[in-house]
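Please find below a short note on the model under review.

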Amino acid sequence: MRARRVVPGFGLTLGYTMVYLSLIVLIPLSAVFIRSLGLGSTHFWEVVSAPRVLASLRLSFGASLIAALTNVMFGLIVAWVLVRYTFPFKRLVDAMVDLPFALPTAVAGIALTALYAPNGWLGRGLAPLGINVAFTPLGIVVALTFIGLPFVVRTLQPVLEDLDKEVEQAAATLGASAVQAFVRVILPALWPALLTGFGLAFARAVGEYGSVIFIAGNMPMRSEIAPLLIVTKLEQYDYSGATAIAVVMLVLSFGLMLAINALQNWALSRHGVR
Amino acid sequence: MASAEPRRLTRPGQPARVLLIGTALVFLGLFLLLPLLAVFTQALAKGVSAYLTAIADPMAWAAIKLTLIVAAIAVPLNLVFGVAAAWAIAKFEFRGKNTLITLIDLPFAVSPVIAGLVFILLFGSHGWFGGILREHHIKVVFAVPGIVLATIFVTFPFIARELIPVMQSQGREDEETALSLGATGWQTFWRVTLPNIKWGLLYGVLLCNARAMGEFGAVSVVSGHIRGLTNTMPLHVEILYNEYNYTAAFAVASLLALLALLTLAGKSLLEWRQPELRRAVGPARDRTARRKE
């Protein structure tokens with residue numbers, strides 16, 4: 001063994017990391033929590049349990065759940081197709097999957113609204129069927145699905161690439177049908193990645209603002225997401241109201257991420273996947 | 001990446017394959033391609049001259065300039081942090097490393113709106129430091145410094161989380177060799193480490209920059225929306241759109257869409273040069289488990 005620390009710079013880099021992390025992230029975030037403590041518990045619950053706040057939280061988490069589940073379903077198909085099949089322009093399609101990461105959310109928002117508005121390319125076709133997407137909660141789900149799509153595809157792709165095809169072939173030689181092989185052999189190996197992708201898409205969707213506000217219609221109690229309600233309260237100089245909602249959102253998102261992490265670790269240990 | 005044509009033993013038959021590819025392409029076409037096309041068609045709906053007039057507007061230029069300035073401050077700061085954090089995490093063993101990685105990822109779990117709120121609570125007129133700032137006539141919130149801070153917060157993890165796995169996979173042997181040959185720490189960093197990580201670094205910068213220039217929610221909360229002064233490009237798009245000036249809104253939006261396409265092209269190029277970068281999505285902890293030993 002060499003001497004323990006040949007490479008220099010431990011103190012400098014870790015010190016700088018801690019200072020910068022504290023200044024930019026930890027101290028500012030703790031300001032929200034400390035500020036909410038100043039509200040007093042009665043006032044806090046009064047704000048948080050207001051029907052309009054509860055409706056917005058329900059909408060944010062509900063729409064994000066539907067969008068993340070949609071992403072899991074179609075993301076699995078997209079990842080599968082990109083890993084297992086060849087077709088024309090596959091490289092281009094693969095690169096395009098990252099568009100929601102790269103396209104500013106406001107641009108996505110106005111583009112989706114233009115598409116799904118009653119006179120838009122897609123809205124025109126859907127309106128006669130009685131389906132209104134723009135300015136309804138359905139529009140929110142569409143925007144959140146757009147935002148979350150790459151998370152599921154990109155977490156699944158490497159796992160699908162690593163998947164041992166011999167196991168599937170063994171299942172087939174033992175008489176399993178394609179569907180059986182998928183459900184019994186492939187799906188169990190994908191669970192951790194599916195959960196991670198779901199968690200990332202969900203977490204991103206819950207906090208999303210830019211792409212949603214254009215398409216949502218923003219009607220209180222009906223199509224008003226929680227981040228928008230925070231902005232509304234701020235514009236009315238209701239800082240304590242905004243802080244209280246922010247704290248609820250932060251606690252719920254952190255709790256969810258921890259739960260998904262724990263679930264993922266459990267799945268990893270159970271299935272013995274790397 | 002695309003392996004050779006899969007062996008047919010367990011593949012579902014041709015119909016299933018066509019159905020799956022069809023579903024995937026229709027889904028991606030609806031959700032990715034159509035919105036992108038919509039931006040450019042709407043921008044050019046009233047002809048090229050209307051498009052050029054909209055882009056040449058002084059307010060649009062002010063927004064473009066501010067966006068460039070903000071990114072020019074936020075990205076280098078997060079780059080220095082990313083390199084420092086990756087160096088500490090990849091080259092050394094210490095307690096609490098996983099906690100540190102989780103904390104670095106924290107801004108990803110925070111709504112952009114809350115990222116903006118945080119700085120209002122700190123630097124707003126009723127914030128912790130509001131009084132001191134007013135005494136010294138310094139404006140942070142509803143001014144450019146607030147926009148920069150919110151952007152730094154939102155893009156904080158990007159470069160670090162790309163560099164950590166890249167540096168971890170490279171280990172410390174190269175650096176140890178250079179040091180044993182008498183190089184100083186800085187020489188080792190500039191001549192050995194930096195060339196090793198340059199593609200990963202560029203990759204992180206690319207993604208960080210795209211988000212920095214495109215950030216909407218956090219910036220919107222702290223900006224105050226003063227035209228020509230505190231309006232970044234995404235905020236300018238919103239103002240134009242809310243004024244029903246759709247052609248102009250989509251014209252500015254098309255510049256941002258172009259930036260997104262350039263980012264994707266650069267990203268694909270880098271992934272082609274260094275295929276390991278492709279794996280770089282998802283929490284850093286995930287990838288550390290997968291790094292090659």
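1. Two residues are taken to be in contact if their C-beta atoms, placed from the backbone, lie within 7 Å. On that basis, the contact between the chains takes 79 residues from chain A and 79 residues from chain B. Helix α1 (residues 10-37) of chain A provides the largest share of the chain A side, 14 residues. That side divides into 58 nonpolar, 13 polar and eight charged residues. Here Ala, Val, Leu, Ile, Met, Phe, Trp, Tyr, Cys and Pro count as nonpolar, Asp, Glu, Lys and Arg as charged, and the others, Gly among them, as polar.

2. The model is predicted: local features need pLDDT of at least 70, side-chain atom pairs count only at pLDDT 80 or more, and totals for chains, interfaces and linings use all residues. Residues are numbered from 1 along each chain as its sequence is written, and chains are lettered from A and ligands numbered from 1 in the order in which they are written.

3. Chain A contains 13 helices and zero strands, where helices (H or I, at least four residues) and strands (E, at least two) are DSSP runs numbered from the N terminus. The C-alpha trace of chain A spans about 70 × 65 × 35 Å along its principal axes.

4. An automatic or database assignment supplies the domain bounds: domain 1 (1-37) and domain 2 (40-271) of chain A. Their centres, taken over C-alpha atoms, are separated by 31 Å. Four residues of domain 1 of chain A are in contact with six residues of domain 2 of chain A.

5. Of the contacts in chain A with a separation of 6 or more, 78% are accounted for by residues 24 or more positions apart.
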